Amino acid sequence: MSASSERPIVFVTRKLPASIETEVVAHYDARLNRTDDALAPEQLTAALRQADIIFCTVTDNIRVEQLGGSGIRTKLIANFGVGVNHIDLDAAKRAGITVTNTPDVLTEDTADLAIGLMLMIMRRMGEGERHVRTGAWSGWRPTHMVGRSPRGKTLGVIGYGRIGRAVARHAAAAFGMHVLWYAPRDPRIEDAASAGPTNAQRATSLDELLQRADVVSLHCPSTADTKHLINADRLRMMKDSAYLINTARGDIVDEWALSSALREQVIAGAGLDVYEFEPSVVADLKEMENVVLLPHLGSATMETRTAMGERALKNIAAFVAGDVPPDVVVRP
Ligand code: DGY
């Protein structure tokens with residue numbers, strides 16, 4: 001940041017937990033989003049021209065169209081969230097902008113939600129809840145809404161970073177699940193393997209994992225390489241009794257292919273927290289009973305959202321002080 005005595009302008013793109021907004025207002029020249037509407041591309045361009053720091057999140061699609069032009073004032077994009085696929089990192093770097101994120105603090109809550117989705121779909125909880133609410137329930141009977149138990153089944157974890165390993169640990173500890181993981185691109189993977197459950201086994205290939213797993217849970221980042229990693233062919237490799245869980249990013253799954261696979265019972269079910277065309281959801285999915293649909297709630301606890309805000313504030317404070325922020329994703 002410049003040595004100017006004026007407070008840096010921090011543009012906050014969405015409403016944040018009150019304690020975090022209070023901190024932003026106390027320390028910076030804050031521009032808050034009172035309506036909490038998602039910003040249009042031209043509003044993001046304007047923000048990059050007027051603010052020193054953009055405090056943004058997953059709903060802000062910051063692309064080369066916003067970053068490539070002249071007159072950009074922003075020097076730091078502090079993302080509230082760990083995933084940064086909504087930001088063109090190369091274009092940010094070229095524009096002289098540092099990008100930070102908020103890793104670690106949302107690991108456990110996101111892992112919990114993946115486990116929750118697994119239980120919801122295997123035990124038919126979403127379907128059961130709709131059944132009660134619509135008044136269709138006629139009473140207990142031995143063969144009514146019988147689901148599947150996760151106990152002793154094989155969990156296939158794709159992407160074995162912090163969240164994938166946490167899901168693996170919880171599934172092994174709570175349900176005695178056998179864990180098979182696959183994450184060829186994670187450079188930290190050899191160090192990381194020890195942090196998973198002791199029964200975890202590395203799959204020799206993605207195909208092997210898909211063929212052996214009873215539940216497949218996605219935890220890899222969204223990149224050009226992982227777009228539609230789960231497509232029609234790969235869905236057909238899964239057991240017809242298997243379930244797919246996605247708490248990572250929507251575009252890792254070809255959502256049209258998934259909806260066909262669920263309709264044709266190529267797989268038994270899916271639990272989704274993220275969508276390819278978020279916040280739109282392929283209409284077919286909303287009609288089906290063998291899928292649980294949540295609105296991107298992975299990190300949505302007051303504790304974690306506050307911790308994410310605090311982590312972003314630490315990145316901003318370090319940057320303003322002229323230090324390297326703790327959670328740098330890219331820097332020029
Ligand atoms: C994350 O942190 O990446 C969550 O999905 C919200 O962006």
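Residues are numbered from 1 along each chain as its sequence is written, and side-chain values use heavy atoms, with hydrogens and water left out. Because the model is predicted, local features need pLDDT of at least 70 and side-chain atom pairs count only at pLDDT 80 or more, while totals for chains, interfaces and linings use all residues.

**View 1. Domain 1 and domain 2 of the chain.** The domain assignment, whose bounds come from an automatic or database source, places 9-105 + 302-330 in domain 1 and 107-293 in domain 2. Their C-alpha centres are 31 Å apart, and the contact (heavy atoms within 4.5 Å) takes 7 residues from domain 1 and 5 residues from domain 2.

**View 2. The area buried between domain 1 and domain 2.** Buried area, the accessible area (1.4 Å probe) that two parts lose on being put together, summed over both, is about 570 Å² here, with 37% of it on carbon and sulfur atoms. On the side of domain 1, N85, D104 and T304 lose the most area to domain 2, together 62% of what that side buries.

**View 3. The salt bridge of R162 with D104.** The closest N and O atoms of this pair are 2.6 Å apart, where a salt bridge requires a side-chain nitrogen of Lys or Arg within 4 Å of a carboxyl oxygen of Asp or Glu. The count between domain 1 and domain 2 is 1 salt bridge.

**View 4. The cysteines C56 and C220.**

Note on methods: Buried < 20%, exposed > 50% of the residue type's maximum accessible area, 1.4 Å probe, protein only.
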